[in-house]
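Have a look at the structure first, then read on.

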Protein chains: 2
Amino acid sequence: MNDNTTEEESSASELPSGRLSDFAYSSIKEQLTRGVYKPGHKLPIRSVAEMLKVGATPAREAINRLVFEGALVMVGPKTVIVPHLDLAALYEATQMRLALEGLATERGTLCATNDVVDKLLALQEKITLSLDEKRYSDALHDNKEFHFTIYRLCEMPHLLSTIEALWLRVGAAFHDLYPEFAEAKYGVHNHLAAIEALVDKDPSAVRAAMENDIRDGYRRLKKAAQERLKRE
Amino acid sequence: MNDNTTEEESSASELPSGRLSDFAYSSIKEQLTRGVYKPGHKLPIRSVAEMLKVGATPAREAINRLVFEGALVMVGPKTVIVPHLDLAALYEATQMRLALEGLATERGTLCATNDVVDKLLALQEKITLSLDEKRYSDALHDNKEFHFTIYRLCEMPHLLSTIEALWLRVGAAFHDLYPEFAEAKYGVHNHLAAIEALVDKDPSAVRAAMENDIRDGYRRLKKAAQERLKRE
DNA sequence: TCATGATTTTTGTGATAACAAAATTATGAA
DNA sequence: TTCATAATTTTGTTATCACAAAAATCATGA
């Protein structure tokens, strides 16, 4: 388990290879981060099973795992849904992100090589380009890759998978307002500051930059969520 | 899911009520924290199922969940075992504990009432008494309760369950050397400092005390583990 | 004694069916 | 309409079985 970390995403309907439970898990997970389902959408075992063309057992296992991770929520003994916007949950996730991603950043900084810096620079360029061309989905994807390229440096596998679960949790509940969220040149300044500090091998400076990035994202997401909630 | 938080432990073989998966989960979990199994002990689905007198499905689900939480480890495609002593894992868990429990402490401090302070004082007295009478198991239990009484104050449910998973992970791998670990008046000074700072409503002071407690525990556990590893 | 290959046993996975409980829909009265 | 209740459908849970793959055991030869 915990093969979360280095999976390169697969664009379309991948053929089930390996354990069907894992296939079901990553399928639902991808649909969640792509915003296929609206908040409140029900995910009954049999429907998921039929959709993915697997039996009930793998579907059940995948759903349970996602509930456990917080990417889906149980609102009744027999009803699992995609989570609604929830500012308290967003706040909690953000606080945990600051603590955990801050830790990973600081610990990883000293292990950074030139390769890493190059990769980060390349990623940042891709992000900027994607934003200019309004390909928000790509921008979000590379933004995630930027963060995790740093977090992977510290070689703490469980820390990494815990952070991934947090991203998934936020992504599941807030994906549908990512477009408006991404509008404002998301995180460019913070990313560049992080890279510079990384070159200087200054752990607390890198951490500060990343924390700023997280907080900026939180503020923007919160604002978008509040406006959305007001409108409804 | 995540009914982790406020379960009062049940001393003996509880009767399966509610979902059998949950029953299996808490049974194994309790056995793990009680140190019933030596590190390296295999936990095959069918054996667990037979032991708990449930079908294979609930046993499978419980085991998978514990693997996911890190309380059990997979060492092969078909073999999960109780984890061995692993100093790197202990270090990683400690770093995460410092980040997360520090967060919970700081956030909870301002919400503390007099009731809480009284409860903490009572717990600390129980701990000291248990240690004097060499009832280490009781001391460990109340020590955990002490910590979580503080962590619960911030009302961040997912943060809490993540912390619980960390305790379980450390407990599963290191339980068998808790006696030697607990010998030295574990944490008394730090706990008292935390209580005082809590009365003063000084978040960073409470956090510092709790972090000290975590670090002291880490050092002692590490030392005991190193000696154990050398002896073998 | 130890390594290596073959054989047997064990084990995880996934499909399926039965059951009880929950969720939904229909019904009826105020 | 609105609310409570009854009927019906949906749904999660669990046990069981078959199968393939892994693990353990045994046999063989150096």
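Two salt bridges are counted between chain A and chain B in this predicted model. One of them pairs A:Glu61 with B:Arg60, and the closest N and O atoms there sit 3.0 Å apart.

Which elements of chain A give two or more residues to the side that touches chain B? They are H3, helix H4 (87-109) and helix H7 (157-174). By class, the residues on that side of chain A split into twelve nonpolar, seven polar and seven charged.

As for the overall extent, 26 residues of chain A are in contact with 25 residues of chain B. The area buried between the two chains comes to about 2,600 Å², and carbon and sulfur atoms give 62% of that.

Back to A:Glu61, then. This residue is found in helix H3 of chain A, which covers residues 56-69. Leaving out neighbours within four places in sequence, A:Glu61 is in contact with A:Ser21, B:Arg60 and B:Asn64. So what does its side chain do with polar partners? It makes a polar contact with the side chain of A:Ser21 at 2.6 Å, and another with the side chain of B:Arg60 at 3.0 Å.

Now for the packing of helices within each chain. Here are two pairs, side by side:

| Helix pair | Crossing angle | Axis distance |
|---|---|---|
| H1(B) (residues 20-33) and H2(B) (residues 45-52) | about 95° | 11 Å apart |
| H1(A) (residues 20-33) and H7(A) | roughly 50° | within 8 Å |

Take the chain B pair to begin with. Its angle of about 95° makes H1(B) roughly perpendicular to H2(B). On the H1(B) side, the contact is made by B:Phe23, B:Ala24, B:Ser27, B:Ile28 and B:Gln31, while H2(B) brings B:Val48, B:Met51 and B:Leu52. Sorted by class, this contact has six nonpolar and two polar residues, with no charged ones.

In chain A, the axes of H1(A) and H7(A) cross at roughly 50°, and the two helices are therefore oblique to each other. Which residues make the contact? H1(A) supplies A:Tyr25, A:Lys29, A:Leu32 and A:Thr33, and H7(A) supplies A:Glu164, A:Leu168, A:Gly171 and A:Ala172. The class count for H1(A) with H7(A) is four nonpolar, two polar and two charged residues.

How values were computed
Residues numbered from 1 in each chain as written. Chains lettered and ligands numbered in written order. Predicted model: local features only at pLDDT ≥ 70, side-chain atom pairs only at ≥ 80, totals over all residues. Heavy atoms only, no water. Helix = DSSP H or I, 4+ residues; strand = E, 2+ residues; numbered from the N terminus. Polar contact = N/O pair within 3.5 Å; in protein donor to acceptor, adjacent residues only side chain to side chain. Contact = heavy atoms within 4.5 Å. Axes fitted to C-alpha atoms, helices over the stretch in contact; angles between N-to-C directions. Parallel < 35°, antiparallel > 145°, perpendicular 65-115°, else oblique. Nonpolar A, V, L, I, M, F, W, Y, C, P; charged D, E, K, R; others polar. Buried area = accessible area lost by both parts, 1.4 Å probe. Salt bridge = Lys/Arg side-chain N within 4 Å of Asp/Glu carboxyl O.
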